[in-house]
Amino acid sequence: MTEPEEWELIGLAREGDSRAFEALVTRYYETMYAIAYKWTRNAADAEDVTQNACIRFARGIGSLNNPALFRTWLYRLVLNAVRDFQRQVGRIHLHEAAEETAPQQPGTDASPESALYAKEILAEVYALPEKERDAVLLVFGGDLSHGEAAQVLRVAESTVSWRIHSARKRLVKKMEGKNSRRPCHGWPRPENRA
Amino acid sequence: MDGRDLKTVLENVKTPPPGENARKRAVNLALAEFERTQREKEKNFKGSGIASRLTGMTAQKRRDPMKKKYVYGGLATAMVVVLAATVSFQQLLENPKGGFTAELTKVDLSVAGTPADENVSASYRLRMAEADVTRVEEALRTGQSALPTPMPQKEMAANTAGRSATEMPQNFVATAPSVVMDDTVLQPGYQDIGRDQFENFEENPVKVVREEPVSTFSVDVDTASYAFVRRQINNGVLPQKDAVRIEEMINYFDYDYPLPETKEEPFKPTVTVVPSPWAEGRKLVHIGIKGYDIAPDEKPKSNLVFLLDVSGSMNAPDKLPLLKNSFKLLLETLGPDDTVAIVTYAGNAGTVLEPTKASEKAKIMSALENLNAGGATAGAEGIRQAYGLAKSSFDKDAVNRVILATDGDFNVGITNREELKDFVERERMSGIFLSVLGFGQGNLNDHMMQTLAQNGNGVAAYIDTLSEARKVLVEEASSTLFPIAKDVKIQVEFNPATVAEYRLIGYETRALNREDFNNDAVDAGDIGAGHTVTAIYEITPVGGPRTMDETRYAQAEEHKADTDFGDEYGFLKIRYKNPDSDTSKLITTPIPAKEFSPQRNERSATQWRNTTWSTAVAGFGQILKGGKYTGDFSYDDVIELAQSAKGDDPFGYRAEFINLVRLAKSAAAMEKNAP
């Protein structure tokens, strides 16, 4: 049994084939959910967002004129669902979400040490201004090129590049700030020595 | 931070698998919406040629299979669930390999040092990772559930605990990328830590100078506490408070204190006064001592008897095999004329190797290799035989030493601690010293180790890795084996005119009475060649933030003029005996009431580094003990101080320490979050 190609399914679904559509949405549910999770950092929220994204999927597939843009289209779909959701909820509870989920997956990577470092960086990424955060999540979290990210966000490619640059600068500053606070209570400074 | 860093971090964010119901609901809702849209299109475009043709076709296609939709839906969903599980779990497995493990391995390797170690640990870890992948692939092929089935909590705890005691090599717990293991290991509480026995003690309290101006203690060059603490933290658990002996943590590290000019004086104290980093207005008085080192050709001969515990509980990779490897390392450092003997104790004590010259390496090696663990422990019998052998090859110009290696209890024979202590003490008088090496965890009798080593004029060290074995037995071989001074006592008299209160950090288990200082009959700690000893007092200068109010009548007394020594915080006295002497000598130096200000020269830089590093370690130890006196001084502050004073760190011990503080920070955070 050979799986039908993505573009075949898209074509059929655009023509109104509900089985093709079902196959398509089932196949990409996981992808959409993963994107939603990246932005919401909470499984329940991600499920809600993905559900809405699936409905948008149904409404929008007819207007996807260029199947080559499917991937970025899917991202935009989910991101719009994320924004709607966050507007509904009324607040972005990203930080709490990150805190909530962290202890459930302690250091699966390697050590608590690297997990902690990762957690610190993550916290800073989610604390970025929204536009920069979206660019970072798309490019580094989603493995999109600057051009693709630009399509998702409907901005110029150079704008994405600029946001990435600015976000990185901010992160470096934040992380350095964490590592180089002055010792407290007037500890003699190393600068004074040879 | 570069893009790669960010990418790794973001890619390693694990997405928990979505709920199956949520997925079904979403797909079905989408399908309904899809069909609604199609119907609407149909309605809107009726009449238009193309549209009607298209929609007509789809409507036809759609209606018939409509009833079967949910069947399809269910099937498709079920298939995807399996697929999704495969994908996400594989991601889980791949990530640790590609992501943080690489970084971690790097850190570990830098600690490990010799190429042999690197190979062992790196390849071992790789094998473990591969084994895990294979196991999961196997499960996938045979169609078993690919998701980690949650093991019942009890069973899992039993498994892990059992393994840590039997077959699990050191480091495995902390670093092997096994999903199930890591999850459980980081949950504190179930580990077999309760049976390690530590002497209970409270942190030294703050003393009022006017009431108790003199502080006396014995030096302590043991490092066992640090190694034990490290092992606990590496397992994701904060150590028991009694396991933390701050002075042993500080003294684990080597400091470049200035050496005495002549051998006549075995060491020279360096006193540094700095502001306390955890309490505004207080100061630290930092006392550093380094013993002179013996040049290799001046080393006296060694007459060593290894007393090895081969009881059943030693049958674990981090015990007997590690012990064998450790002793092989030690053998390498011995001269050809040094003698070695091996006595084991397990049920029946037995002499495995009669005193043999170190040049007959093959004979010693094969005796070592033939050791097997099994039987009950009868430490006392073993000790008698060991001392017997040491006596039979006694050489008054040599260092005669019994080296006891054990994982804990002395189950049979003299189990009375006092009796055993007396035995060791008597033998010490006859010139045979005792060192104790602790192995393993869960059964370790730290208190006994300390007692025996202290009474045997030796060191107690805890060996958890081969790298630790190398540190204790090779790098510090001369200090472990060759004492340059014995019964070293420190006494500080504070000046009530300048100091209101003081507190000695650590050395709780080494406190001496004031009158013991001048009593040469009172035993105290020993210093080996090249050993460093550091002691830190926190003082509150007069007028500073005191913890206790001045008593009414003391206030009245304050006006008495004792200004002669206004530029001194106190007076430091060190008493010691030469290794073969019974009369003590005295070294004294005043403690200036002047803060250290780093100058632009190498000596000053070294002094700054020594002080800063040991203060960082002292801060860490105090936090681990509950942070009673350190206020809001945090793990981050420790890291910050330590980072700035890391220096050359050729063996990576300091980098390892900083890593340890980070681990402790996350272990503390997790304990806080735990219910």
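A residue is here called buried when its relative accessible area is under 20%, exposed when that area is over 50%, and partly exposed in between, with a 1.4 Å probe and protein chains only. The structure is a predicted model, in which local features need pLDDT of at least 70 and side-chain atom pairs count only at pLDDT 80 or more, while totals for chains, interfaces and linings use all residues. Residues are numbered from 1 along each chain as its sequence is written, chains are lettered from A in the order in which they are written, and side-chain values use heavy atoms, with hydrogens and water left out.

Helices (H or I, at least four residues) and strands (E, at least two) are DSSP runs, numbered from the N terminus. Helix α20 of chain B, formed by residues 602-624, is mostly covered, with 21 of its 23 residues buried. From its first C-alpha to its last, α20(B) reaches 33 Å, which is close to the 33 Å expected at 1.5 Å a residue, the expected span being 1.5 Å times one less than the number of residues. The N-terminal end of α20(B) is capped by N601(B), a side-chain oxygen of which lies 3.2 Å from the backbone nitrogen of R603(B). Just after the helix, G626(B) takes a positive phi of about 120°.

Side chains of opposite charge can pair when their charged atoms come close. With a salt bridge defined as a side-chain nitrogen of Lys or Arg within 4 Å of a carboxyl oxygen of Asp or Glu, the count over all chains comes to 29. In chain A, E130(A) pairs in this way with R83(A), the closest N and O atoms being 3.8 Å apart. Because E130(A) lies in helix α7 (residues 130-141) and R83(A) in helix α4 (residues 70-89), this pair ties together parts that are 47 residues apart in sequence. Both residues belong to a network of salt bridges that also links R133(A) and D134(A). E130(A) is partly exposed, at a relative accessible area of 39%, and R83(A) is likewise partly exposed, at 26%.

In chain B, a salt bridge of 2.7 Å, N to O, joins the side chains of D487(B) and K577(B). D487(B) is in strand β11 (residues 483-494) and K577(B) in strand β15 (residues 568-577), so that the pair links distant parts of the chain, 90 residues apart. D487(B) counts as buried at 8% relative accessibility, as does K577(B) at 4%. A further salt bridge is formed by E538(B) and R503(B), with 2.8 Å between the closest N and O atoms, and both of these residues are buried.

Technical notes. A polar contact is a pair of N or O atoms within 3.5 Å; within protein, one must be able to donate a hydrogen and the other to accept it, and residues adjacent in sequence count only if both atoms are side-chain atoms.
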